[in-house]
Amino acid sequence: MIECLKRIISEHQNLEPAGGLLPRRVAIGSLPGRVSVVTGVKGSGKTTLLRQRIHQLIETGVPRENILYLNLADDRLYWLQHENPDLILEAYFELHPQKRGSETVHCFFDEAQALPYW
């Protein structure tokens with residue numbers, strides 16, 4: 001299971017950032033150590049907004065390895081509905097052990113409602 005998570009995390013870290021998308025007139029606010037939530041109706045551009053924020057982070061010099069993106073509605077993650085979500089960070093830090101406690105990791109979870117009790 002953890003190998004599946006590591007594979008999906010690596011896939012997203014190796015994708016080209018989403019530049020060239022229609023810019024949204026909304027910014028995702030952030031406070032260190034706090035969670036920001038993007039809500040809206042289906043098809044309103046939430047995923048595009050997340051992808052643009054990831055692109056902005058990369059453009060400002062944040063290494064791709066410091067960005068954790070998961071679409072929790074991915075069929076390959078169905079099993080995660082019955083497991084402890086802490087496995088996500090465990091998988092990430094197995095991929096990048098040097099990041100634990102030493103660097104900021106930006107986490108983006110799309111379709112978080114796919115996990116019960118999230």
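**Close-up views of a predicted model**

**View 1. Val-35 is exposed, its relative accessible area being 74%.** Exposed denotes over 50% relative accessible area, buried under 20% and partly exposed in between, with a 1.4 Å probe and protein chains only. The residue lies in the loop between α1 (2-14) and α2 (46-59); helices (H or I, at least four residues) and strands (E, at least two) are DSSP runs, numbered from the N terminus. Val-35 and Cys-107, 72 residues apart in sequence, are separated by 9.2 Å in space, C-alpha to C-alpha. The model is predicted: local features need pLDDT of at least 70 and side-chain atom pairs count only at pLDDT 80 or more, whereas totals for chains, interfaces and linings use all residues. Residues are numbered from 1 along each chain as its sequence is written, and side-chain values use heavy atoms, with hydrogens and water left out.

**View 2. The largest nonpolar core comprises 18 residues, and Leu-5 and Leu-70 have the most contacts inside it.** Such a core is a set of buried Ala, Val, Leu, Ile, Met, Phe, Trp, Tyr and Cys residues joined through side-chain atoms within 4.5 Å. Two or more of its residues come from each of α1, β1 (67-71) and α3 (86-95).

**View 3. α1 and α3 pack at an angle of about 65 degrees, with their axes 9 Å apart.** Axes are lines fitted to C-alpha atoms, for helices over the stretch in contact, and angles run from 0 to 180 degrees between N-to-C directions. The two helices are therefore roughly perpendicular, a class covering 65 to 115 degrees, with under 35 roughly parallel, over 145 roughly antiparallel and the rest oblique. Residues in this contact include Ile-9 in α1 and Tyr-92 in α3.

Terms used. Contact means heavy atoms within 4.5 Å.
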